[in-house]
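Colleague: I've got this chain open on my screen and I'd like to go through it with you. Can you take my questions one at a time?

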Amino acid sequence: MGILIWIVFGLIAGVIAKFIMPGRENSGFVMTIVLGIIGAVVGGYLASLVGIGNISGFNVQSMVIAVVGAIIVLFIYRKIAR
């Protein structure tokens, strides 16, 4: 059940990040999930370094951290892909 939750969590975070930072890349459903999951890991790591918190479950704080991480990952990906 944990993997399914990460997939849903990643999908939601990835969709929100792409909504906030629209772009031209034609990444599909799977890449949006991967973006969200990697964003959650990056966001959780950075949030724990700063002392804000971590990803502790399916709640609002974790979703905000995951979306911020996904935005950072999306920004870096676009800079490298350019």
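Colleague: Let's start with Gly44: which helix is the place of Gly44 in?

Modeller: Before that, note that this is a predicted model, where local features need pLDDT of at least 70, side-chain atom pairs count only at pLDDT 80 or more, and totals for chains, interfaces and linings use all residues. Residues are numbered from 1 along each chain as its sequence is written, and side-chain values use heavy atoms, with hydrogens and water left out. Helices (H or I, at least four residues) and strands (E, at least two) are DSSP runs, numbered from the N terminus. On that numbering, Gly44 sits in helix α2.

Colleague: Is Gly44 buried or exposed?

Modeller: Buried means under 20% relative accessible area, exposed over 50%, and partly exposed in between, with a 1.4 Å probe and protein chains only. Gly44 has a relative accessible area of 12%, so it counts as buried.

Colleague: What is Gly44 in contact with, leaving aside neighbours within four places in sequence?

Modeller: Contact means heavy atoms within 4.5 Å. As for Ser62, it is 18 residues from Gly44 along the chain, and their C-alpha atoms are separated by 7.9 Å. The contacts of Gly44, with those neighbours set aside, are Gly53, Ile55 and Ile65.

Colleague: Ile55 turns up there. Where is Ile55 found, and how does its relative accessibility count?

Modeller: Leaving out residues up to four places away in sequence, Ile55 touches Trp6, Phe9, Ala40, Gly44, Ser62, Ile65 and Ala66. Ile55 and Ala40 are 7.4 Å apart in space, C-alpha to C-alpha, and 15 residues apart in sequence. Ile55 is found in the loop between α2 and α3, and at 23% relative accessibility it counts as partly exposed.

Colleague: What about Gly69: which residues does it touch, not counting residues up to four places away in sequence?

Modeller: Gly69 lies in helix α3. At 0% relative accessibility, Gly69 counts as buried. With those sequence neighbours left out, it touches Gly39 and Gly43.

Colleague: What do the buried residues of α3 pack against?

Modeller: Helix α3 covers residues 60-81, 22 residues in total, and reaches 31 Å from first C-alpha to last, close to the 32 Å expected at 1.5 Å a residue. That expected span is 1.5 Å times one less than the number of residues. Its buried residues include Met63, Ile65, Gly69, Leu74 and Arg78. They pack against α1 (2-20) and α2 (29-50).

Colleague: Which element gives the largest share of the nonpolar patch?

Modeller: Patches use residues with over 30% relative accessible area and no salt bridge, joining like charges within 9 Å and nonpolar side chains (Val, Leu, Ile, Met, Phe, Trp, Tyr) within 5 Å; a salt bridge is a side-chain nitrogen of Lys or Arg within 4 Å of a carboxyl oxygen of Asp or Glu. The nonpolar patch on the surface, with Tyr45, Val60 and Phe75 among its residues, has about 1200 Å² of accessible area together, by the Shrake-Rupley method with a 1.4 Å probe, where for residues only the protein chains shown count as cover. The largest share, seven residues, comes from α3.

Colleague: Last one: what radius of gyration does the chain have?

Modeller: There are three helices and zero strands in the chain. The radius of gyration is taken over C-alpha atoms, and the globule rule is 2.2 Å times the number of residues to the power 0.38. With 82 residues, a compact globule would come out near 12 Å, which agrees with the chain's value of 12 Å.
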